Amino acid sequence: MNSDDLGSFLRIAEAMSLSAASRSSGTPKSSLSRTLSRLEGEIGAKLFERGPQVLRLTEAGRILLTHARRVMDELNEASAALDGVTGQPRGILKVSAATTFAIGLVAPMLPRFLQDYPDLRIHLDAENRIVDLPKEDIDVAIRIGVMSDSDLIASKLGGIELWPCASPSYLSERGTPRTPYELADHELLGWTDHPSIWCFRDSSACDHCVSVAVGSVIPEPAVLQVILENGGGIGRLPDFLARSLVEQGRLVRLLPDFQTETVEVHAVYAAHRSLSSKVRVFIDALRVHLTR
């Protein structure tokens, strides 16, 4: 019984589905099935009762699950501790980020990062969902906005400004707002259909908060960007997404004399991962990238 087989069993047991375990781990379903059969052969007992849609742990499976979790936790902690002692980041670093932030924040810094640490390989999970880090064996996740209480450690990376933007064609047709209050006369696009307030601070440190009646709702900033470029209205984009488009003249940053809202960016990881040099160097590199 080896640690790889135990890790596969743990993923199957937590997902209670071979298909779900295959999707979350990137391991072919057939390989997981063979691993399960091999384990059952070594133990001499069935680990799961197989139903039409889901699996159910047998008593042998429940016993093994308790020990497998402890063994894998200890192996992960030992690996992280040794990694920290040697100071040589190596192996696979599993990172999770929402699609826009994977594209706009993580991907641009990876080529240089991987040059600096040639013994590291990155597995980047770019999905718009909150992952369960321990369950899915993720080393570090990028989270945006206010952090909720959890057993995870959150390391602040910096802040992202939200730039109100529109295309030159839209502004030539509808005019350019000169104050926050003139936004009400325009077609506004938002990330949510909940009532929104956009806040701006002028050079005298006075705040101007306006209630925004959002027309269309576009939750994905990368999709919102395309709509804005094609004259769809005014919307707020993360500065890292908008900056190059503004420099190229494809979008116009509105109300540039006002300071706009900033959302915080955190790297989130389980406590034992903090011992790992590969997590530390990744967070440091991402923090530097955000401040450029």
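Guide: Buried means under 20% relative accessible area, exposed over 50%, and partly exposed in between (1.4 Å probe, protein chains only). Helices (H or I, at least four residues) and strands (E, at least two) are DSSP runs, numbered from the N terminus. The model is predicted: local features need pLDDT of at least 70, side-chain atom pairs count only at pLDDT 80 or more, and totals for chains, interfaces and linings use all residues. Residues are numbered from 1 along each chain as its sequence is written, and side-chain values use heavy atoms, with hydrogens and water left out.

Visitor: Which strands pair with E10, and in which sense?

Guide: Strands of a sheet pair through backbone hydrogen bonds, either parallel or antiparallel. Two strands count as paired if DSSP finds at least two bridges between them. Strand E6 (residues 153-166) pairs with E10 in the antiparallel sense over 4 bridges, and leucine 162 has proline 238 as its bridge partner. Strand E7 (residues 188-189) pairs with E10 in the parallel sense over 2 bridges; here leucine 189 is partnered by glycine 235.

Visitor: Which residues touch the most other members of the largest nonpolar core?

Guide: In soluble globular proteins, nonpolar side chains tend to be buried together. A nonpolar core is a set of buried Ala, Val, Leu, Ile, Met, Phe, Trp, Tyr and Cys residues joined through side-chain atoms within 4.5 Å. The largest has 37 residues, of which Leu105, Phe113, Ile142, Leu157 and Phe282 touch the most other members. Helix H5 (residues 99-116) gives the most to this core, with 7 residues.

Visitor: Where is the disulfide, and what is its handedness?

Guide: A disulfide is a covalent bond between the sulfur atoms of two cysteines. The criterion is a pair of cysteine sulfur atoms within 2.5 Å. Cysteine 199 is joined to cysteine 209, with an S to S distance of 2.2 Å. The torsion about the S-S bond is about 115°, so the disulfide is right-handed. Because cysteine 199 lies in strand E8 and cysteine 209 in strand E9, the pair ties together parts that are 10 residues apart in sequence.

Visitor: Is cysteine 165 buried or exposed?

Guide: Cysteine 165 is buried, at 0% relative accessibility. Cysteine 165 is in no disulfide; the nearest cysteine sulfur, that of cysteine 199, is 17 Å away.
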